[in-house]
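Hi everyone, thanks for making time for this.

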Protein chains: 2
Amino acid sequence: MNNSSLTSFFDPHNIAVMGASNNPLKAGYVITNNLLKIKYPKKIFPINRKEDNILGLPAYNTLSEIEDSIEMLILITPSSVIEPVMQDLEKRMQEKGDIKAIVCAAAGYAELDTPEGKHRQKVLTDTAKKYNIRVIGPNCIGVVDNEKRVDTTFVETLTPEENRGIAGGISFISQSGALAASVLMRGASLLSPMKFNKFVSIGNMSDVDFIELLEHFEDDESTRVIGMYMEGYPEGRKLIDTMGCIASKKPIVVLKVGRSEKGATAASSHTGSLAGEDKIYDSAFRQYGIIRVNSIDEMIDTLRAFDQLSLPQGNKFFLTSQAGGPGIFCMDTMSNENIFETPMISEETKKKLKELLPPMANVCSPEGYNDISASANVEQHVEGIRILFNGPEVEGGFLISVLTPFIPQDELGDEIVKLCNDNKNKPLFVVIMSGNVVDKARTIVEEAGIPTFETPDRAVKAAANLIRYSEFKKLNK
Amino acid sequence: MNNSSLTSFFDPHNIAVMGASNNPLKAGYVITNNLLKIKYPKKIFPINRKEDNILGLPAYNTLSEIEDSIEMLILITPSSVIEPVMQDLEKRMQEKGDIKAIVCAAAGYAELDTPEGKHRQKVLTDTAKKYNIRVIGPNCIGVVDNEKRVDTTFVETLTPEENRGIAGGISFISQSGALAASVLMRGASLLSPMKFNKFVSIGNMSDVDFIELLEHFEDDESTRVIGMYMEGYPEGRKLIDTMGCIASKKPIVVLKVGRSEKGATAASSHTGSLAGEDKIYDSAFRQYGIIRVNSIDEMIDTLRAFDQLSLPQGNKFFLTSQAGGPGIFCMDTMSNENIFETPMISEETKKKLKELLPPMANVCSPEGYNDISASANVEQHVEGIRILFNGPEVEGGFLISVLTPFIPQDELGDEIVKLCNDNKNKPLFVVIMSGNVVDKARTIVEEAGIPTFETPDRAVKAAANLIRYSEFKKLNK
């Protein structure tokens, strides 16, 4: 394991962008612009033979003429010119020997499954290997490190400049560039944008692959949870062993496609890698405590929950709903997950709850469920949960509220934040419904570092995934 | 069946709002404000003993002093004053005899399951019955008719005034007020707001209930599809027969909770109605072609698809994806629905597709799937689908695109609209990913009356539901 060689991807000293452009419709523009917008703290050297400057930065004709040292090279030139580009690289390496990492974003390599494409990829990797340069890609979206303010992607997320470079504990690896772009764009569109730590689209895995990146994230102290989109991998056994080893330390959440026969065939045509026997992966994931999700939304919700909430000590979750219909719907989806246990509340506590809650409320009917009724005020929203969390019976909870115009959103938001901060060891999954009407309350909660969920079923899926991992950890202590 | 008596709820000549208020935190304010904002074309009479005017309208002390005729009365006064309110109503009815419909939005009636609550509800219904007045509620959110510009709800959806009163073909009935509010708020927050025709929160069903409303929607020419949230109903057999009879004419989409034992117990505490045996409902729904959905999002997606797309003639759906990962994911979710059949494309058509699509594209590999590759331009997005739709093998389709900065969103949007308009008998489920980055393209498509979907799995669920209904119709011709 040589993690030091991957460090150059996440904290490079100066970056050259070969194929940088002033045309906003070109990837070489977006990459340069993203580096500027995230305020990459070191130097950016755009390379473009036709322009004198790119986005206000002086442009160079060749790599070899740049005087400063360069640690990372981004390639977005067409694959057809890989040979002269590699000659330029060789010249530089012979003179300065400084580049340690290449992110090759361009497509047109081995994924074409043509002799020409394969040859181009070989030219790239052979040259890189000769000078001990590590390669991510080709045919990838790029790399993000929000801590170090690096963004080599050509994904335009519309994130305002002041919101870029905000790092949480989520590191993500995607085998599909498009899926990676979707997750980035969707994550950036959330009420409170998703806080990635590191983000890698691995493309053709011509050099750096799943295993090495996973090992890098394993040792990376700022990565709390690893997300992964995968289609297949030639050495399935080895990948699963690596994932299993890491999952005993930090959670891995995986969206693996190719479940169906047709999906597997499509995956095989797509990345050229063996789709692998899905059933083998599936049972291995279960055995090793690797969390498999079934949709992009479940991935996003689960990653945020792992990053921002503490792992529940057990599966006894109490549901508090201000709204009957959504509450009952939530009970159904909880049952469906087949992992929650009903917390049995003492008569004494029930008495306290009855005193607190409005007369219309249903207390522990059925067990594990309070319908606090539409007439519940802010105090009645949160204090019942506080009473329950104070007892040993409850290990986590859901709070559902369909805000009426009569509940002050800022007050509710503030009180939920206090409640959560006072009970950090018991995760509360907050669902404030619905649509943009409730943005104010949700934003207050999210800006305090607590995730909120669109709908009860989405909160339940995320909570169930945390419990699954918690149970795995207990069994494998 | 007496539909004429329900017509007063949807097209009333003048409305009185008892309990109207100038305090924005009160339901009586929001109701009056919603009526003003939707530009209810007839007269609104706010009743409030303490104020001279409410939201700029002259206020009255009592119902009986209003000189104009009134067809609908909205009650949002506390349930504790139901007796004097009914006395005022009696006085008016004896003098003018004009009111035909009451929407009682206030809570505090039979749902409390107390003698007092039941008594109050009896006072309300007995008085109404005496004068042949129909009642929706109590304990409900209200009624909307976008065609007639009626909105009696106290749900503040943030919909701009100019976007209110836009009617599509979706009529919705909800047994839960909170669920109704969630659907309204979430529907209003979509890129292109959900186009309800009529919307009813039925609350305690003290008088008007599921069956009568369903029958009303059955005969309502502007209702194309009926959505329903239900917990339980005392006469389950009768309800199912009614639904089955209607479903043979127009689709019914139902979110029924109480699937699980605990959910059923909670439902029984909530609306006081028997939760009913879920399994009986479930098999009856299947038998009668009633579409059961499992989440609020699936409800919204399915209703929009039924309203805005034509019913597919069969289950042979072709998937076109510009993005490998999301495409494979979509194949998996299609397989999972167990209802799609693979369209087998002729060699001649495949040849045409290969000529059209970029060299990197995978044509019909596997069968029924084109990966048009990230390099596909706008023409390559749509023309392949046009070729496929021209043949008899394909009965519907999915289009997935993860927009790169290099595809002009307006051009793609316009071309998708043309493609759909030229092939109205073959529904295309459009997924443009992801987040707010792609709002422009999606908005163009949605404003042309074609739904778009957030993620491939959501499009697949909606399409599968349309196929299920189409198959039911074919079998029951």
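Let's begin with strand β18 of chain A, residues 428-433, in what is a predicted model. The strand is mostly covered, with six of its six residues buried. That holds on both faces: A:Leu428, A:Val430 and A:Ile432 are buried on one side, and A:Phe429, A:Val431 and A:Met433 are buried on the other.

Who sits beside this strand? Strand β17 of chain A, residues 396-402, runs parallel to β18(A), and six bridges join the two. To find the pairing on your screen, look for A:Phe398, whose bridge partner in β18(A) is A:Phe429.

Between those strands comes helix α14 of chain A, residues 409-422, and together β17(A), α14(A) and β18(A) make a right-handed β-α-β unit. How far apart are the end C-alpha atoms of α14(A)? They are 20 Å apart, which agrees with the 20 Å that its 14 residues should span at 1.5 Å a residue. The buried residues of this helix include A:Leu412, A:Ile416, A:Val417 and A:Leu419. Its buried residues pack against β17 and β18, and also against α13 (378-390) and α15 (439-447), of chain A.

Now, back to A:Phe429. Leaving aside neighbours within four places in sequence, A:Phe429 is in contact with a list of residues that includes A:Leu309, A:Phe317, A:Phe398, A:Phe453 and A:Leu466. The largest nonpolar core has 286 residues, and those with the most contacts inside it are A:Phe429 and B:Phe429. Apart from that core lies another one, of 26 residues, with B:Ile47, B:Leu63, B:Leu73 and B:Cys104 among them. As background, nonpolar side chains tend to be buried together in soluble globular proteins.

Let's move to another strand, β13 of chain A, residues 252-256. Here five of its five residues are buried. A:Ile252, A:Val254 and A:Lys256 point one way, while A:Val253 and A:Leu255 point the other way. Strand β12 of chain A, residues 225-230, pairs with β13(A) in the parallel sense over five bridges, and A:Gly227 has A:Val253 as its bridge partner. The chain crosses from β12(A) to β13(A) through helix α7, residues 236-247, in a right-handed β-α-β crossover. β13(A) also pairs with strand β14 of chain A, residues 291-292, in the parallel sense over two bridges.

Last stop: helix α2 of chain A, residues 27-37, where nine of the 11 residues are buried. Those buried residues pack against several strands of chain A, including β1 (15-18), β2 (44-47) and β5 (72-75). After α2(A) comes A:Lys39, whose phi is positive, near 60 degrees.

And in the loop between β5 and α3 (82-95) of chain A you'll find A:Thr77. Is A:Thr77 buried or exposed? Its relative accessibility is 15%, so A:Thr77 counts as buried. Not counting residues up to four places away in sequence, A:Thr77 touches A:Met18, A:Gly19, A:Val85 and A:Ala106.

Terms used:
Residues numbered from 1 in each chain as written. Chains lettered and ligands numbered in written order. Predicted model: local features only at pLDDT ≥ 70, side-chain atom pairs only at ≥ 80, totals over all residues. Heavy atoms only, no water. Buried < 20%, exposed > 50% of the residue type's maximum accessible area, 1.4 Å probe, protein only. Helix = DSSP H or I, 4+ residues; strand = E, 2+ residues; numbered from the N terminus. Pairing = 2+ DSSP bridges. Right-handed = clockwise from strand over helix to strand, strands pointing away. Core = buried A, V, L, I, M, F, W, Y, C linked by side-chain atoms within 4.5 Å. Contact = heavy atoms within 4.5 Å. Expected span 1.5 Å × (residues − 1).
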